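Subject: Structure for you

Hi,

Here is the structure I promised to send over. Have a look, and my notes follow below.

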Amino acid sequence: MTAVAGGRLLVDLHNHTYHSYDAHNRLADYERAHALGRVDVVAITDHNTIAGALELRAAASFPVIVGQEIDTADGELIGLFLEEPVPAGLPAIETAERIRAQGGLVYLQHPFYRIVRGRMRAGAREELRGLRLIDIVEAANGGPLAAADNARALAWARACGLPHAASSDAHEPAAIGTCVSAIPAAAVTAASLPELLRAAETIDRRPPAPVALLRKAAGRTGIALRVLAGREPLRRRR
């Protein structure tokens, strides 16, 4: 791992690869972002699969955290530091318990982001909090038009006394490393990460919303064209 100025690492905990139905990032895209100094440690959190994360962990020149964005019965929830996939469709509490059973961390992503599909139900979110089944809150999501919802997530995380993180939620190459946490330079493990995030600084490089929306639309169009041309299989949300 290489440290940025001030002996800090840029950690991005919520990202996708072409294994997600709505993304097309590949290893080369993450390697490019790493070479440009945009990220030092990346979590790959594809929808309902860890295949892309395992693929990158085996081949990347930088540390990759194996994660999964899981469709629970109550909304989306991320598991970090996984070794096995977590089945979709389970209640949020059972999903969190399965993440913890692997020694993983429960990462509550975009808890208040109004335009995201599959946001966790408020009641389920509070149940997870009450049972102390949330390890990290995503208080800054790199998606467009998220500023007000990110501020609400940050306030909620602070009120709950939970560590919080910034993540790009990258589905397109240009989004990788646009919203990250700069943490003290140290080994990044399931045991160390929550406390490292308590000393983190958010680095927000997001472009203006019209640019981000245009990039996202272009990415979706590109996926559709590759599927039509037979260059890529159709992937659906499972």
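Axes here are lines fitted to C-alpha atoms, for helices over the stretch in contact, and angles run from 0 to 180 degrees between N-to-C directions. Helices (H or I, at least four residues) and strands (E, at least two) are DSSP runs, numbered from the N terminus.

This is a predicted model, where local features need pLDDT of at least 70, side-chain atom pairs count only at pLDDT 80 or more, and totals for chains, interfaces and linings use all residues. Residues are numbered from 1 along each chain as its sequence is written, and side-chain values use heavy atoms, with hydrogens and water left out.

First, the helices. Helix 3 (residues 92-101) packs against helix 4 (residues 122-130) with axes 9 Å apart and an angle of about 40°. That makes the pair oblique (under 35 degrees is roughly parallel, over 145 roughly antiparallel, 65 to 115 roughly perpendicular, the rest oblique). Ala92, Ile93 and Ala96 of helix 3 meet Ala124, Glu127 and Leu128 of helix 4, contact meaning heavy atoms within 4.5 Å.

Strand 3 (residues 64-72) and strand 4 (residues 75-80) run antiparallel, joined by 6 bridges, and Asp71 sits opposite Glu76 in strand 4.

Cheers

Technical notes:
Two strands pair if DSSP finds at least two bridges between them.
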